[in-house]
Amino acid sequence: MTEISEVRRELALDCFLLAGKVMMESGAETYRVEDTMIRMAVSQNMMDSHCFVTPAGIMFSPSNDLPTRFVRIHGRRTDLERVARVNAVSRRLVADQLTLQQAYEEMTEIEKTHYLFPLWLQILAAAVASACFLILMGGGWADIPFAFVIGGIGFYIVEMVLIKTRVKFFAEFIGAVAIGTLAVLVVHSGFGNDPDTIIIGSVMPLVPGLLITNAVRDMMAGHFVSGLSMGAEAFLTAFAIGAGIAIVLSF
Amino acid sequence: MNWPLEAFLSFLAAGAFGIIFNIPRKTLISCGLVGMSGWLFYRTYFLLFDDPIQATFAGAFIVAIVAHILAKTFKMPMIIFSVAGIIPLVPGSRAYNAMRNIVENDYMEAVDFAVQALMISGAIAMGLVFAEVIMQLYFKYQAKRTQKKMGFTQE
């Protein structure tokens, strides 16, 4: 094993931790983050490195006699495009198509930009998904415009409350209450037919699908800490939605 | 059951979820196809055997298999493709009915729906697990075969 200079090692560590941080913040599975970091480390001649990733922080130790580095992960925001980009950069680094410096520069570039679709497009997507699910779940054609509008409004409310309060469960709860109220109002005023299917369709964009898949895959890979915490987050999100709907229905 | 309509709707819904999760733009179409195949398998199985739990297992299994294959072709993380495909299988209506029966103080009915919703969630998880294991075995076998073809021997 060749000895690497101090400067180069620091750069490599910065690069790995940045890659891990960006991936974890954008909604990658824990085991993929670990795998990516270890592969990058091996490509940079750090054979006995260790890495421990949780949804809240990443620890990385380059070898036994060197200091361990740690980064804290604060907010998470689903942005799978960033995951794909970091993955592509790490693949190219491992295949020696990029130098360490270039890889680090690309990582910082990815960290700075966000690739999210514009908010109006996301709201439109949520509205379309709600309308589709209304039909798939057995609703009537006459209810489509209501599911479309209510689904979009619900998604918008969740995003807004999330920006204002930063509490995810509260945002989902408020969104579910709004969806339930609107659906019941629409049916009471005589326009809509079936409140049940309207609510089910409109609530669908809030379902924590990414958390469920991540939790399952992490548990399978043996990462019980992150698997359980993501599973708990998914459960709490589902519970918040259910509680919001239940409050409306109990009146 | 109206096949083309359901295929189109599930395609559209999965694509819309792709936008919400912000998957890379060039994978949006394939992501919709994953969602469509999962939903069509789920519906067909459900209509044939009338068992929502097994049907969900079949749907999730197909979603994960297709997602793995696409991940290999696109050289991207598998999760990009599977996420949107899983959403239509989530037992939304059963969870909703459970909640409504709890509010209406009809606990027996609520437990019935809640247990079904729980079993279906478990079926989704099991479908993902099975597909993952099978695909891993298959990729290992394939790698071995190519190595043999190229003249390497593996211990």
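Which residues make up the covered face of strand 2 of chain A, and which the uncovered one?

A: The model is predicted, with local features requiring pLDDT of at least 70 and side-chain atom pairs pLDDT 80 or more, whereas totals for chains, interfaces and linings use all residues. Residues are numbered from 1 along each chain as its sequence is written, with chains lettered from A and ligands numbered from 1 in the order in which they are written.

Strand 2 of chain A covers residues 57-61 (strands are DSSP E runs of at least two residues). On its covered face are A:Ile58 and A:Phe60, while A:Gly57, A:Met59 and A:Ser61 belong to the uncovered face.

Strand 2 of chain A pairs with two other strands (at least two DSSP bridges). With strand 1 of chain A, residues 50-54, it runs antiparallel, and five bridges join the two. These strands form a hairpin, with two residues between them. A:Gly57, from the uncovered face, is the bridge partner of A:Thr54.

Strand 3 of chain A, residues 69-72, is likewise antiparallel to strand 2 of chain A, the pair being joined by four bridges. Here A:Met59, also of the uncovered face, stands opposite A:Phe70.

Elsewhere, 44 residues of chain A are in contact with 36 residues of chain B (C-beta atoms, placed from the backbone, within 7 Å). To the side of chain A that touches chain B, helix 5 of chain A gives the most, with ten residues (helices are DSSP H or I runs of at least four residues).

Note on methods. Two residues are in contact if their C-beta atoms, placed from the backbone, lie within 7 Å. A residue is buried if 20 or more other C-beta atoms lie within 10 Å of its own, exposed if 12 or fewer, and partly exposed in between; C-beta atoms are placed from the backbone.
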